[in-house]
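Opening my notebook on this one.

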Amino acid sequence: MPTRYGTLIAPPTFLRCMRAVQPELPFALPFERLLDGGSDWEYCQSVRAGDRITAVARVTDISERSGRIGLMIFIKTLITYRNQFDDIAATQTSTLIRY
Amino acid sequence: MAGQIFWEDVAIGLALPPLVKCPTTRQLVQYAGASGDFYEIHYDKDFAQQTGLGGVIIHGALKSAFLGQLVTDWAGPLGTLKRLSCQYRGMDYPNQPITARGIVTRKYQAGGEHLVDCTIWLENPAGENTTPGSATVVLPSRGSGVK
């Protein structure tokens with residue numbers, strides 16, 4: 001179906017499947033279990049079929065909290081997705097919980 | 001344009017048409033392959049139960065994809081999603097219906113755009129909100145000469 005974009009565009013969270021390389025922490029965490037805490041997406045440019053996307057991930061915050069499941073480490077990662085014109089297509093902030 | 005919602009049609013408190021999903025364990029395996037998230041809690045029941053879960057759980061990112069579909073289906077071909085946010089507070093399990101819902105919370109103009117904020121969430125079969133979130137969309141305005 002023709003769209004106002006002239007081609008197909010990606011669904012909102014499609015970029016999650018780009019396999020952005022996650023930064024390695026420079027220290028070991030004594031936790032084996034993990035949970036995805038949530039994600040926040042900001043959209044700047046539509047992702048069109050044929051775009052070449054570059055994803056760069058950066059750890060922006062690490063904090064600890066205690067909850068029902070004991071001590072938890074919250075790791076926030078900001079992933080910036082840019083297209084072939086070097087325009088930001090989207091940013092994604094994810095929260096990973098290690099416990 | 002048929003089926004297109006316009007900014008002028010929206011009022012605070014308006015409910016988005018609910019989107020019901022019933023992901024299977026097969027879909028979780030497919031999503032693991034698509035996303036590269038092969039954490040065993042999403043397809044290995046024994047493993048999931050050893051970590052204290054009731055069974056395999058739905059990927060958080062798949063749940064946010066359902067919420068994305070809820071909002072973009074509603075905003076229509078002329079709407080544009082600006083922001084999508086959610087927190088995975090409760091576990092959701094496959095082979096049971098989960099319902100994506102949303103309500104308009106704010107309607108405003110900024111930067112020449114006609115914007116709408118929504119509260120969005122996923123509801124499990126018990127009616128519990130497992131995944132609270134929010135979204136912002138740009139909608140076309142009848143006053144802006146939409147083709």
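I began by listing the buried residues of H3(B): B:Gly60, B:Leu62, B:Lys63, B:Ser64, B:Ala65, B:Phe66, B:Leu67, B:Gly68, B:Leu70, B:Val71, B:Trp74 and B:Ala75. Buried means that 20 or more other C-beta atoms, placed from the backbone, lie within 10 Å of the residue's own; 12 or fewer means exposed, and in between is partly exposed. That makes 12 of the 16 residues buried, so I noted the helix as mostly covered.

Before going on, I wrote down the ground rules. This is a predicted model, where local features need pLDDT of at least 70, side-chain atom pairs count only at pLDDT 80 or more, and totals for chains, interfaces and linings use all residues. Residues are numbered from 1 along each chain as its sequence is written, while chains are lettered from A and ligands numbered from 1 in the order in which they are written. Helices (H or I, at least four residues) and strands (E, at least two) are DSSP runs, numbered from the N terminus.

Next I checked the length of H3(B), residues 60–75. Just after the helix, B:Gly76 has a positive phi of about 75°.

**Chain B as a whole**

I found three helices and five strands in chain B, in the order β-α-α-α-β-β-β-β from the N terminus. Of its 147 residues, 33% are buried.

**The sheet**

Which strands make up the open sheet? I traced nine, in the order E2(A)-E3(A)-E4(A)-E1(A)-E2(B)-E5(B)-E4(B)-E3(B)-E1(B), with antiparallel pairing. Two strands pair if DSSP finds at least two bridges between them. The edges are E2 (54–67) of chain A and E1 (19–21) of chain B, each pairing on one side only.

Then I looked at H3(B) again: it packs on this sheet, touching E1 of chain A and E1, E2, E3, E4 and E5 of chain B. Contact here means C-beta atoms, placed from the backbone, within 7 Å. The direction of H3(B) makes about 145° with that of E2(B); axes are lines fitted to C-alpha atoms, for helices over the stretch in contact, and angles run from 0 to 180 degrees between N-to-C directions.

Where do the chains join up? Five bridges link E1(A) to E2(B), running antiparallel, and A:Ser39 stands opposite B:Cys86.

Definitions and conventions: Contact = placed C-beta atoms within 7 Å.
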